[in-house]
Amino acid sequence: MLREFELDLPGDLQETLTRLPGGTPLAGGTNLLVDLRARREEAKRLVWLGNIEAFRDIKIDKAHVAIGGGTTVGDILRNSAMIDAAPSLVGAARVFGGQMVRNQATVAGNVCSGSPAADTVPPLLSLDAEICLASSTGVRSVPIDSFYSGFKKNQRKQDELITGLSWSVPGPSTANLFYKLARRKGDAITVVGVAVTVTRDGDRCSDARIALGAVAPTVFRAKDAEAMLTDQPLTEELIDEAARAAMAQSNPIDDIRASADYRRHTVHMLTRRLIGQAWRSLAGKEADK
Amino acid sequence: MTSVAGTPTITFTVNGNIESHVGDPFQRLATILRDEFGLIGTKIGCDAGDCGACTVLLDGRQVCACMIPLGQIDGTEIVTVEGLGSSDNLAALQRSFLHHGAAQCGICTPGMLIAATELLAKDAMPSKAMVEDALGGVLCRCTGYIKIVDAVVDAHQFLAPPVADSPTSETVGTPHPRVDGNAKVTGQDLFGADGAPSDALWLRPVRSPHARAVFKLGNLDAFCTAHPGLEAVLTAADVPGENSFGVYPDLKDQPVFADGAVRYRGEVVLALVGKRTAVEAIQFDALPIKWRVEDPVTGVTAATATEAPAVHISHPDNILVEGGLRKGNIDAGFTAAAAISEGQIQTAFVEHAYIEPEAGFAKRVGNRIEITACTQAPYMDLDECARVLGVGKDAVRIIPSACGGGFGGKLDVSLQPLLAIAAWRLQKPVRCIYTRVESMASSTKRHPATIQARAAADQEGKLLAIEMTADFNTGAYASWGPTVADRVPVHGSGPYFVPNVQIQTRSIYTNEPPAGAFRGFGVPQAAILQEQLYDDLALELGIDPFEFRYRNAIRAGLPTATGQKLEASVGLVKCLDALQPHWNKSRAEAARQNENHGGSRRRGVGIGCMWYGCGNTSMSNPSEIRISVSNSGRVTLFNGAVDIGQGSYTVILQICAEALGLPPSEFDLVHGDTDRTPDAGKTSASRQTFVTGKAAYLAGRDLRSQILRLANAGEDANIARHGSTLRVRDTGHETTIDLTDLPAIDEHGTVLTGKGRFDPPTTPLDENGQGNPYATFGFAAQIADLEVDMELGTVHLHRIIAAHDVGRAINPSLVEGQIHGGIAQGIGLALMEEYIPGRTENLHDYLIPTFGDIPEIDVLLIEDEEPLGPYGAKGIGEPALIPTPPAIFGAIRHATGVKVTRVPLLPHRLLEALKSHDA
Ligand SMILES: Cc1cc2nc3c(=O)[nH]c(=O)nc-3n(C[C@H](O)[C@H](O)[C@H](O)COP(=O)(O)OP(=O)(O)OC[C@H]3O[C@@H](n4cnc5c(N)ncnc54)[C@H](O)[C@@H]3O)c2cc1C
Ligand code: FES
Ligand code: FES
């Protein structure tokens with residue numbers, strides 16, 4: 001049962017920002033409305049973001065990607081340049097809910113939902129995305145890596161809006177992958193999500209990013225594991241060691257979807273698999289050079 | 001647009017018409033479409049984005065209408081199923097759905113059609129994978145998705161206008177489209193939530209959040225007065241008749257309203273009746289209910305412990321019933337054994353998860369009550385409501401709405417008695433729609449089973465004995481607990497000849513949801529362990545599991561565990577014959593694959609066999625069918641066999657038409673109204689095609705012989721209707737019967753009536769469970785071919801090959817649909833579904849299979865005709881599901897060596913088992 005809320009329908013960004021103090025942004029509503037109906041969330045006034053002009057624009061050039069704060073998961077899938085600009089994000093979008101949810105759900109809403117199982121977040125972490133925040137008093141940019149501070153806690157101030165996300169296009173020597181482990185194929189909450197970015201320089205890995213979802217209060221980067229891989233040739237043994245380090249950094253819970261032990265174990269397996277896969281795909285490219 | 005608060009005017013187009021609406025911008029689009037615009041084709045299955053039944057197009061893109069606040073749609077274009085095509089001008093996609101039998105109950109169909117429309121606009125000839133992705137968010141519980149995918153892939157073939165088929169009376173054995181298909185693919189079939197009178201009051205049951213508690217109600221009159229719009233608060237004190245119901249005549253243990261004590265979370269304590277907004281606005285905490293919460297009895301072990309509190313004082317030991325069977329000498333069997341296997345399993349509560357939550361309305365008409373609701377058992381509803389109201393049975397009329405899935409869950413009454421009491425007391429129409437959470441919390445479930453068994457075979461692999469004890473958690477109320485306790489002993493040894501059998505069952509009360517009927521009444525749970533033990537024996541003796549089953553398969557003339565000798569239609573060997581080449585090929589492929597690729601994936605191929613008695617166990621369960629011919633030439637089939645999606649309206653018509661010798665298109669159809677149709681019993685126990693079908697056959701033959709007699713024609717004569725005449729052509733000459741010349745026997749001008757009644761012959765079971773419990777059995781065997789990811793514990797199904805002896809496939813397309821749907825539910829049961837009260841009460845946390853979870857399915861129809869059945873037919877509803885879990889578990893075992901002990905075998909459980917197997 002939905003109680004009556006006040007609903008603001010501001011017409012542009014400026015107006016939206018002035019309406020935000022004391023209000024709650026409403027994007028696709030696929031989190032917010034469900035939570036309000038189940039009385040898990042409270043809100044007095046909702047500010048609808050759907051009328052902001054160009055809020056769903058996607059800009060991709062050779063080196064850089066910028067998506068608007070209203071970009072939906074479906075928009076990510078429909079943009080044919082995205083597969084090179086953010087392979088892991090496209091991977092996440094493909095296994096995100098059903099198409100009717102993808103058409104409605106926004107990436108920014110997913111980022112703000114605060115769920116450790118939010119599927120676009122490991123890819124965005126693996127891409128080292130920047131979050132652009134705006135309020136009526138100014139704009140600022142926060143690396144997504146420092147955005148989350150705890151379960152459902154983040155750096156966004158109450159009157160701030162995510163106006164966009166941006167990241168660098170992975171180069172030809174970089175592989176970027178995502179895997180969602182869930183209890184069924186369609187539309188299911190993630191049990192473990194892993195996104196990796198591996199950059200290869202000759203026979204070494206020059207840079208590695210590993211982002212893990214649903215195994216801690218927030219999505220996080222397994223930096224111990226990343227450090228073990230950086231500036232090293234990736235052998236199976238090293239990859240396995242790093243994957244174990246990723247497992248050691250996770251702190252999952254038991255719930256109806258899986259046990260904590262299972263989550264830890266699959267972090268090990270999936271990290272090993274994805275890093276290995278990424279490394280091997282780059283080895284192929286190296287050979288082509 | 002600028003900032004708007006309050007109630008703005010919102011303008012948008014719906015199916016091309018410009019509409020505007022003034023109201024709360026926060027109302028859901030789904031509600032507005034249904035309630036304001038009457039576009040009831042948009043269904044609501046969950047109101048939370050999880051089921052996709054409400055899917056509409058918003059500016060060409062599919063979205064959940066239950067998630068869209070009205071404020072968002074200003075200036076947009078909405079398309080609902082009503083915008084795709086109308087009943088007399090179906091879109092190509094809709095015709096493809098009809099042709100493929102892609103709609104069963106039809107509650108998911110509008111959402112499927114809309115999701116497919118978005119895809120087809122982009123690509124008129126999509127691949128299967130594209131269809132699965134585009135429709136992947138819409139849930140279907142009936143079809144197993146396969147026919148839906150086929151229908152979308154093939155839609156382009158229906159772009160040309162349809163050619164009218166010439167009517168034919170050759171109908172049995174053909175894939176006749178559903179008679180209610182048109183209404184289903186246009187979204188115009190009226191389900192429980194769809195047809196209520198506009199002035200109906202709203203009823204909201206208030207349910208216990210506690211599994212076990214006693215409670216006191218405060219001053220409800222004062223509460224009512226303090227809440228404008230609330231017309232009544234109904235409680236146990238308001239029940240005019242008896243405050244109890246239950247499916248057995250002598251076991252009415254479930255109250256309509258809890259009377260001072262609740263026994264499970266979700267039990268109704270009181271009902272709020274009044275204006276919808278008023279009733280919905282009331283907060284639970286505001287109600288004057290004082291609770292004293294007690295420790296619930298959870299699980300059968302706790303319930304049977306000596307110090308366990310009683311759930312019902314009538315049953316101090318919490319044992320509702322015991323069942324059993326004893327044949328031969330079990331000890332002798334084990335003594336002579338060359339191999340013995342032993343095992344145990346624990347299964348979970350399983351939710352039916354029909355996409356239509358319970359819904360309906362009631363109105364009082366003078367001193368009668370009329371209840372329209374989704375149901376599988378209108379005549380049982382009638383009896384229960386009459387008792388509860390304390391009125392005669394002739395004062396109750398049940399009109400089944402279209403039923404959006406049942407699978408056993410809509411056999412018990414749910415909201416019918418509540419509606420009846422409210423409409424009776426208030427003398428106004430009253431409606432009710434369960435929320436998804438409410439439906440899941442309150443409805444019956446599959447019984448969790450705790451089963452132990454051992455089995456024995458001789459050196460040649462001949463089964464010697466099986467011994468089984470099975471405890472079923474029947475929850476807070478009996479429901480179909482006794483049926484489960486009775487059915488399992490009969491079936492527990494499997495479709496094999498086993499000389500020595502001993503099976504003991506108990507149904508046990510707990511403070512958990514009532515477990516009731518769910519596709520197979522306990523037999524699927526028992527079959528999992530029984531088939532596992534037979535695999536064990538085969539392995540131990542070094543015999544191929546397929547060969548082991550072949551050697552032991554029951555054949556005509558051999559006695560069953562109850563000592564019944566089945567003389568005909570014992571088709572298991574034929575099913576196995578059909579599967580043999582597939583088995584050999586898949587096992588060889590699997591062996592090769594496992595040898596060649598180390599890696600993390602192991603392939604496995606398993607087999608499961610089953611048998612299932614059609615109709616009630618050793619009980620009379622007759623069906624009656626009537627056909628009338630009026631003096632104006634109307635031929636009407638009165639069919640009370642409620643169609644819950646499986647297709648009984650179509651199959652019964654096909655049988656009847658063939659028996660009479662007129663094409664199906666000649667019939668007017670009257671369905672399931674207890675005032676108008678004779679009693680065709682329940683839609684359960686895989687009985688409608690067999691039992692009611694036979695009644696329909698007899699009714700058709702009865703009418704045919706009357707007509708032939710009037711025309712003095714021979715058996716092979718041809719009957720045709722022209723206006724109000726019947727023309728009967730016998731070799732060479734034609735006789736015309738002018739129906740207007742015949743005397744009418746009622747006010748409808750009925751001049752001829754054909755009647756058929758069939759009650760399958762059974763005998764009672766003696767104290768050892770010996771006798772003839774069913775007139776016939778369905779048989780089946782399925783092969784599952786899959787891969788296990790050894791690192792993740794995940795199971796990837798490749799293919800299921802299902803051979804089913806259905807006696808005769810009256811409608812092969814519908815039979816296939818049942819098999820696909822049963823397999824999908826079997827997959828859910830085996831690998832993902834686990835209902836935990838309070839934790840998985842929605843379709844987000846309770847997962848049922850989606851498009852991507854269903855492998856390729858090959859259906860092999862075996863027709864070993866049942867002489868008693870109509871044209872040789874027997875049932876398929878439940879048989880479809882039973883072999884799937886054993887086949888899957890057999891395959892997992894083949895791949896990994898791991899035996900299932902806990903169902904569902906979730907990835908973390910499989911992984912644990914793999915670890916301890918290796919250790
Ligand atoms: C059936 C179903 C399936 C789902 N499947 C998945 C899945 O597979 N994977 C997954 O990760 N999630 C899933 N979800 C959850 C949800 O869809 C996503 O988290 C989604 O991305 C949320 O986006 P939204 O636009 O709907 O956000 P909303 O619900 O509108 O908002 C979510 C939160 O973000 C805030 N917010 C939104 N936009 C902004 C902004 N621009 N600036 C600041 N704050 C903002 C809101 O105030 C709110 O607190 C599913 C949900 C449903 C109902
Ligand atoms: S009713 Fe909207 S998704 Fe279920
Ligand atoms: S036909 Fe899909 S839910 Fe019944």
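The reply starts at the ligand and then moves out through the chains.

Reply: A caution comes before the details. This is a predicted model.

Start with the ligand. Ligand 1 lies between chains A and B. Its shell counts 30 residues, and those that come nearest are A:Gly28, A:Gly97, A:Gly109, A:Asn110 and B:Gly49. By class, 14 residues of this shell are nonpolar, 13 are polar and three are charged.

Which elements of chain A give two or more residues to the shell around ligand 1? They are β2 (24–26), α2 (32–37), α7 (107–113) and β10 (161–168). The helix α7(A) gives the most, with five residues.

Next, the contact between the chains. Chain B puts 43 residues into it, and chain A puts in 41. On the chain B side, β4 (61–64), α4 (128–134) and α22 (907–918) each give two or more residues. β4(B) has the largest share of that side, four residues. The chain B side divides into 21 nonpolar, 14 polar and eight charged residues.

Now chain A as a whole. Its secondary structure comes to eleven helices and 14 strands. The C-alpha trace spans about 60 × 45 × 30 Å along the principal axes. Its radius of gyration is 19 Å, which agrees with the value near 19 Å for a compact globule of 289 residues. Of those 289 residues, 56% are buried. Take the contacts in chain A with a separation of 6 or more: residues 24 or more positions apart account for 62% of them.

One helix of chain A is a handy check on geometry. Helix α10 (residues 236–249) of chain A has 14 residues. From first C-alpha to last it reaches 20 Å, close to the 20 Å expected at 1.5 Å a residue. The buried residues in α10(A) are A:Ile239, A:Ala242, A:Ala243, A:Ala245, A:Ala246 and A:Met247.

On to chain B. It has 22 helices and 33 strands. Its radius of gyration is 28 Å, close to the 29 Å that the globule rule gives for 919 residues, so chain B is as compact as a globular protein of that length. Its C-alpha atoms fill a box of roughly 85 × 80 × 60 Å along the principal axes. Buried residues make up 63% of chain B. Among contacts in chain B with a separation of 6 or more, 79% join residues 24 or more positions apart.

Chain B also splits into domains. The assignment gives domain 1 (1–161), domain 2 (201–295 + 358–433), domain 3 (445–616 + 766–918) and domain 4 (623–758). The centres of domain 1 and domain 2 of chain B, taken over C-alpha atoms, are 33 Å apart. Their contact takes five residues from domain 1 and four residues from domain 2. By class, the domain 1 side of that contact has three nonpolar residues, one polar and one charged.

B:Gly405 sits between β17 (396–400) and α12 (416–426) of chain B. Why does B:Gly405 count as buried? It has 27 other C-beta atoms within 10 Å, and the cut-off for buried is 20 or more. Setting aside neighbours within four places in sequence, B:Gly405 is in contact with B:Cys105, B:Ile107, B:Arg141, B:Cys142, B:Tyr354, B:Ile355, B:Glu356, B:Ile644 and B:Gly645. A further pair shows how sequence and space part ways. B:Gly405 and B:Gln646 are 241 residues apart in sequence, yet 8.7 Å apart in space, C-alpha to C-alpha.

Helix α16 (residues 545–552) of chain B is mostly covered, with six of its eight residues buried. These are B:Pro545, B:Phe546, B:Phe548, B:Arg549, B:Tyr550 and B:Asn552. What covers them includes the strands β21 (463–475) and β23 (601–613) of chain B. The helices α15 (523–541), α17 (572–596) and α21 (884–896) of chain B are also among the covering elements.

Notes: Residues are numbered from 1 along each chain as its sequence is written. Chains are lettered from A and ligands numbered from 1 in the order in which they are written. This is a predicted model: local features need pLDDT of at least 70, side-chain atom pairs count only at pLDDT 80 or more; totals for chains, interfaces and linings use all residues. The radius of gyration is taken over C-alpha atoms; the globule rule is 2.2 Å times the number of residues to the power 0.38. A residue is buried if 20 or more other C-beta atoms lie within 10 Å of its own, exposed if 12 or fewer, and partly exposed in between; C-beta atoms are placed from the backbone. Two residues are in contact if their C-beta atoms, placed from the backbone, lie within 7 Å. A residue is near a molecule or strand if its C-beta atom, placed from the backbone, lies within 6 Å of it. Ala, Val, Leu, Ile, Met, Phe, Trp, Tyr, Cys and Pro count as nonpolar, Asp, Glu, Lys and Arg as charged, and the others, Gly among them, as polar. Domain bounds come from an automatic or database domain assignment. The expected span of a helix is 1.5 Å times one less than its number of residues.
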